[in-house]
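Let's take a walk through this structure together. Have the sequence and the 3D view open as you read.

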Amino acid sequence: MRILSWAYLALMFAFILLPVAVLVVFSFQDGRLPVPPFKGPTLEWYAKVLADRDLMAALGNSMLVALASSAVSVLLGFLAAAGFARARLPGSALLRGLIIAPMTVSYLIIGLGLLQAVNWIGLRPSLMATGIGHVVINLPLCFAILAASIGAPQQSALRAARDLGAGERQVLSLVLAPMIAPSLAAAFFLSFTFSWDEFIIAFLLTRFDVTLPVEIWSMLRSGLSPETNAVGALVFLVSVLVVVTLELLLFRKAAK
Amino acid sequence: MTADVEIRAVEHRFESFTALQRIDLQIAAGEFVVLLGPSGCGKTTLLSLIGGFLTPSEGQILIGGRDMTHVGPKLRPTTTMFQDYALFPHMTLRDNVGFGLRMRGRARRDHDAKAMEMLDMVGLADKAGRKPHALSGGQRQRVALARALAVEPDVLLLDEPLGALDLKLRRQMQDELKAIQRRVGTTFVHVTHDQEEAMAIADRIVVMNGGRIEHCGTPEEVYLRPRTLFSAAFMGELNRLPVRPAGDGVDSPLGPLAVAPGAGILCLRPENVGLQGGFSLGPARLTEAAFFGAHHRCHFAPLAAPELRLVAHLPQGAHPEIGAEVELFGRDPVILTEAA
């Protein structure tokens with residue numbers, strides 16, 4: 001029984017991690033194709049990736065879009081959550097539902113809608129448009145995380161702050177934001193990873209300046225190469241770093 | 001800093017439920033008033049109305065003679081000490097206590113100095129740099145008090161602040177609250193459902209029930225001369241005897257009693273029933289007795305109405321054998337009508 005459970009565990013991790021492991025291993029492939037057999041390690045492809053100006057530009061674009069759209073999502077989500085915490089409006093539940101609703105719609109559908117809306121208001125496909133698209137998909141997530149972190153103790157502290165003469169801006173910046181700082185960080189980093197990995201919306205809403213997933217996709221069209229593996233490994237590395245930071249922040253909170 | 005509070009014909013409704021029904025109440029400057037009643041009686045609603053967290057459906061609230069009915073908590077000369085203390089967990093005690101003055105735009109040096117002064121008053125000056133989670137319940141409570149008083153409010157509102165403390169600490173905090181109130185002279189309005197706490201600290205007790213004020217008076221008045229059966233029963237244990245006038249006295253299930261004629265319920269506190277006193281309650285048999293430290297709590301069955309039980313608190317070491325028949329006497333009777 002014991003052996004079976006360990007085998008199950010190993011199998012499960014293999015299932016989850018094998019694709020990534022393969023990707024990373026063959027990014028070091030000394031040869032032209034990222035397929036077995038493994039011919040020995042080289043950093044050649046990484047050197048090539050880092051020297052590729054288009055790729056590096058795309059990496060910079062992705063970073064910019066992810067940072068900016070995450071910051072905006074967290075800010076808007078925070079304000080919305082704070083608003084719901086303050087006043088019980090008629091139809092609060094319905095309004096909350098409406099804010100969270102986009103989470104249930106596929107990115108493809110949202111992307112199509114955005115493409116038409118962006119055209120309609122006369123905004124050209126661009127990084128800006130992509131950033132807006134990422135706010136659309138990440139705002140519901142940020143709102144859900146932040147609204148869940150505002151409970152009775154926070155509301156009570158907000159009441160006390162107002163009672164002591166704090167204005168709304170001071171209430172939010174001096175009391176609410178520090179009290180839910182770990183959740184703000186969690187919302188930010190999750191938004192960041194989603195924006196960083198997002199392809200469909202970026203594909204539909206960019207034209208000349210593209211984000212990294214779109215650039216990788218255009219590389220894939222000319223066939224497999226260890227170079228795409230190397231890019232993929234770099235993207236994966238950034239995501240891992242973000243997730244580890246997030247875990248550390250949340251664990252620190254849990255340990256308190 | 002202190003001010004009077006005037007509640008004029010205030011009514012408050014939550015959707016279909018009427019929490020307060022045309023309340024009128026005057027609170028003098030510097031008074032320690034306790035709003036006392038069971039849960040759901042409207043006492044916390046009344047406190048929230050004075051603090052500005054709710055706006056009354058009807059009526060007016062005046063603080064220091066100024067109409068505050070539609071002024072928010074931020075601009076009222078009131079502060080509240082909340083039941084859960086509502087301290088800011090990410091700030092040191094000094095910053096917690098200094099928060100109100102900081103919001104009033106005072107320089108850091110000023111509000112730090114005032115915060116230290118207030119922390120000193122509640123005996124926590126040595127912990128000024130700590131954060132609230134490092135404190136015990138009683139200490140948090142003191143910080144909440146210091147924070148609320150640091151802005152020198154005219155009126156301090158206390159929302160069941162002692163509810164979460166154990167009995168011993170609660171008694172100690174009651175004494176401290178009373179002493180601090182005397183010292184600062186601020187009007188205190190305190191909400192509780194504990195009648196002993198009310199009697200321990202109040203200058204005046206407002207007994208509330210079902211959204212109305214049942215009785216408003218000093219602890220002695222409310223306890224000894226209750227105006228309604230509800231406030232009589234809420235303030236402490238009662239023996240009740242239905243009576244109606246008969247000649248110079250009243251007629252009761254125990255037979256005629258020599259008290260001033262009246263119809264309704266004759267109320268006798270257990271400590272006013274004993275082996276001597278103002279008027280006879282007739283012979284009774286002791287059925288049960290328990291030692292309570294300060295007194296013996298005894299149950300008597302009157303011979304004239306053996307199904308009734310009278311509860312008496314007899315002095316230490318002075319109770320008869322169980323089963324013994326003695327003549328009981330009563331003192332300080334109050335006759336109240338059922339619905340008042």
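In which sense do β15(B) and strand β19 of chain B pair, and over how many bridges? Keep in mind that this is a predicted model. The two strands run antiparallel, and two bridges link β15(B) to β19, which covers residues 325-330 of chain B.

In general, the strands of a sheet pair through backbone hydrogen bonds, either parallel or antiparallel.

Next, take chain B as a whole. Its domain assignment gives domain 1 (5-233) and domain 2 (237-336). Their centres, taken over C-alpha atoms, are 39 Å apart. Where the domains touch, seven residues of domain 1 of chain B are in contact with six residues of domain 2 of chain B. On the domain 1 side, helix α8 (residues 229-235) of chain B gives the largest share, three residues. By class, that side of domain 1 has five nonpolar residues, one polar and one charged.

Finally, look at where the chains meet: 14 residues of chain A are in contact with 17 residues of chain B. On the chain A side, α7 (152-163) and α8 (168-179) of chain A are the elements that give two or more residues. The largest share, seven residues, comes from α7(A). This side of chain A divides into eight nonpolar, three polar and three charged residues.

How values were computed: Residues are numbered from 1 along each chain as its sequence is written. Chains are lettered from A and ligands numbered from 1 in the order in which they are written. This is a predicted model: local features need pLDDT of at least 70, side-chain atom pairs count only at pLDDT 80 or more; totals for chains, interfaces and linings use all residues. Two strands pair if DSSP finds at least two bridges between them. Helices (H or I, at least four residues) and strands (E, at least two) are DSSP runs, numbered from the N terminus. Domain bounds come from an automatic or database domain assignment. Two residues are in contact if their C-beta atoms, placed from the backbone, lie within 7 Å. Ala, Val, Leu, Ile, Met, Phe, Trp, Tyr, Cys and Pro count as nonpolar, Asp, Glu, Lys and Arg as charged, and the others, Gly among them, as polar.
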